[in-house]
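My plan is to look up the overall fold first, and one residue after that.

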Amino acid sequence: MDDRCIEIKGGSRLCGKLTVHGAKNAVLPLLAASLLTDEEVTIDNCPYISDVDNMAKLLCELGAHVVREGRRISVSGHVTGVRTGARLYKTMRSSMFMLGALLCVLGEVEMPLPGGCDIGARPLDIHLDGLRRMGARTLCDGEILNCRASGLAGAKIVMRYPSVGATENLLMCASLANGETMLVNCAREPEIVALAEGLRAMGAKISGEGSSVICIEGVKKLHGADLHIGGDRIVAGTVLSATALCGGDVTVYGADVGDMKSIFQSFRSEHCSIEESPLGFRVRSDGQIKARSVITAPYPLFPTDMQPQFLACQCFADGVSRVRETVFENRFAHAKELSKMGANISVHANCATVLGGSLHGADVYATDLRAGAGLCVAAMRADGVSRVFNPHYIERGYEDFAELFSSLGADIKNTVG
Ligand code: UD1
């Protein structure tokens, strides 16, 4: 059993400057895309987080040659394993990217359904529908998914929902398919743009990324490339939320402020100023939170990956707020944990109603990556000491969360419960 926890004594103001690490959701699909050529693809600014470690291990198990030198990961060689990597597939949702990547290079993939955080059903129907339209045959017995294709063909694919992962899988496949593909109603997240840019550097012909229609002209072969990952907008948003809540003055570098508009809009108030610059942003807060409601939705609207951190802040607001979750159906497990700290939250269907007040320290349990981040944010402001258990969830997406915030003055440390 993992009895490690993050121990936090609330009440410190946060001050200082930091650069956020590379974006988890950009590096994971690019690592998968690196399998689309035998030539070397190097990706710079890869964060030290467990999802990236597991993805690198999965690529190795599949036969690729993977070398990590600091923040630079190089992938080369030919993958061979159609049926390898079962355990790793289950540890992370991002193994879904193997579906597109392996189907392209091997013509077949057989994998257990991907794991990851338990935040909803997360089916793969949009991925599979798109792959079938490109000529793949898919078979799923409830646990094992098998896809085969003797050559993928370009197609017009209208997605029923702008799924991030499905857009990424289909982008990879379309890059090497025979003919043209048009993806309609696709996701517009900055990570889609990062993948399209990466694939283009490898020789793919893609246009329209960042809009809801992407056109891809298939090419016969992709080649090696040198890629760089931008800073993680959700890590930057987490620092912003903690500073807004604890009060202080923090400058964050590395993330593209253009990608964070909806996050800034939800935290800006007469108590919290956010100054943007080409290099990052500076947040100054007196620690008072305005009651404010948000609805999570696909980019460019408010990201579901910031919902727990936002909800944590609203527990201290000057009134009643509502948070509606429209992306994942089961993403309020942290509300129960926040209640252990004294939060007044009621959840009905996909909507949480919060009456702001003050919280006290408690032992709480992360139930997924961002839920864990939200609990830590709340604990940094709560009276007394909290212990956040299940830190392995937080390690999936943050490089040493405790170190990050202690460098800003928070009283926070990794310990054993
Ligand atoms: C990605 C991100 C995750 C983020 C999410 C939404 C990665 C590695 N993860 O996850 O951090 O929270 O986008 O911004 O980039 N859906 C279906 N059928 C499908 C695919 C998705 O019904 O075939 C549903 C899901 O169950 C979910 C919603 O669509 O309710 C959004 O999922 P999707 O955009 O696919 O998220 P992920 O790519 O899994």
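I take helices (H or I, at least four residues) and strands (E, at least two) as DSSP runs, numbered from the N terminus. I am reading a predicted model, where local features need pLDDT of at least 70, side-chain atom pairs count only at pLDDT 80 or more, and totals for chains, interfaces and linings use all residues. Residues are numbered from 1 along each chain as its sequence is written, and side-chain values use heavy atoms, with hydrogens and water left out.

**Whole chain.** I find 14 helices and 23 strands in the protein chain. The C-alpha trace spans about 60 × 45 × 40 Å along its principal axes.

**Burial and contacts.** I call a residue buried under 20% relative accessible area, exposed over 50%, and partly exposed in between (1.4 Å probe, protein chains only). By that rule, 57% of the 417 residues are buried. Contact means heavy atoms within 4.5 Å. Among contacts between residues at least 6 apart in sequence, 73% join residues at least 24 apart.

**Aspartate 51.** Where does aspartate 51 sit? I find aspartate 51 in helix α2, residues 50-61. Is aspartate 51 buried or exposed? Aspartate 51 is buried, at a relative accessible area of 1%. Leaving out residues up to four places away in sequence, I note that aspartate 51 touches Lys24, Leu28, Met92, Ser94 and Arg396.
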